[in-house]
Amino acid sequence: MSVHKIVKLVTACVVLGVLLAGAAEAAFLIVSMFMMGPIPMHDDFATGDFSRWSRLAKQVCCDGSATVVDAPNWDSKSAARFKISFYDPVVKGNHRSEFRLKATEFHRLYEYRLKIFVPPDWQSDSNQVIVAQMHNVPDSWKGEGGLQPPLELSLANDSWVLRTAWGRGPTWLDPKGDIHRDTPWSQPFERGKWTAWTFRTRWSLDGDGIIEVEKDGHAVLQQRGANCYDNLLAPYLKFGVYAPGWMNLGAPPEIKTREIFFTDVSAREAVRAPTEHLVER
């Protein structure tokens, strides 16, 4: 084969690869914007099923990974139980059982509410368990890989922990990037108790960014300024059970099963009125 034909063949393969990658990225963005859990929404799981959640909104491996049950310690109430086992098949490259909403837009204020129950027999260890996160939509077309969520709520040892991250992720043109990370709040958690959480977010790389977190009606985090990554789409809510460190263990963890309960999950877009109270849009 001549050098000219080889060059043409290589060029065609490169162009085809770029087109396929672009098509895959476009499909991923469309799914993130339109085919996940809706906003506004509210689900107290009183229907006894997950009819409000599309198949694409669920990241579960097995029939028992997410089920509707009677809410523990709460009469006449339903809840979603999310469960993972170390020996279950991995989902999206890791041990998780999560539902997700659609991606949001920058410079718009969103409010999320959910109630979380940590079982009374929960045994703590050093492996972090993420129960709610605002996940970024990576710009794969720029070579950007997985990044720490801009906002996450986790159980670590015996504490609730809030972590944040923002900046520029590494790409093909900027291999180092410029990522900032912080752990602005933690507090011991109580087992066998429902905890109400409110998250208010306005995603921005500028000064108008907002992160507000309330636990049982009390503010635990209030931040202003840049708070996310330089992505095409703004972050989205995921909730459930996710043990990111399990994939890196050389041996099975001491605690091999994790389960958490959720109810009254809601999301809406909001605006900040002149009185500084939130009103529905």
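Modeller: In this predicted model, I179 sits in strand β10, which covers residues 178–188. Once its neighbours within four places in sequence are set aside, I179 is in contact with L147, W166, R168, G169, P170 and Y229. Another residue to look at is Q148, which is 31 residues away from I179 in sequence, while their C-alpha atoms are 9.5 Å apart in space.

The bond from I39 to P40 is cis, with omega near 5°, and P40 belongs to the loop between α1 (3–34) and β1 (41–43). K92, which is not a glycine, has a positive phi near 55°; this residue is found in the loop between β4 (78–85) and β5 (96–100), and it is exposed, with a relative accessible area of 64%. H107 is not a glycine either, yet its phi is positive at about 65°. The loop that holds H107 runs between β5 and β6 (109–118), and H107 is partly exposed, with a relative accessible area of 44%.

Finally, the second largest pocket holds about 220 Å³ of space. Its lining is made up of 15 residues, and K102, A103, T104, E105 and Y110 are those nearest its centre. Sorted by class, the lining of this second largest pocket has nine nonpolar residues, five charged residues and one polar residue.

Technical notes. Residues numbered from 1 in each chain as written. Predicted model: local features only at pLDDT ≥ 70, side-chain atom pairs only at ≥ 80, totals over all residues. Heavy atoms only, no water. 1 Å grid on protein atoms, 1.4 Å probe; cavity = no way out; pocket = protein on both sides within 12 Å on 5 of 7 lines; lining within 4 Å. Points joined across faces, edges and corners; volume = space filled by probe spheres on them. Nonpolar A, V, L, I, M, F, W, Y, C, P; charged D, E, K, R; others polar. Helix = DSSP H or I, 4+ residues; strand = E, 2+ residues; numbered from the N terminus. Contact = heavy atoms within 4.5 Å. Buried < 20%, exposed > 50% of the residue type's maximum accessible area, 1.4 Å probe, protein only.
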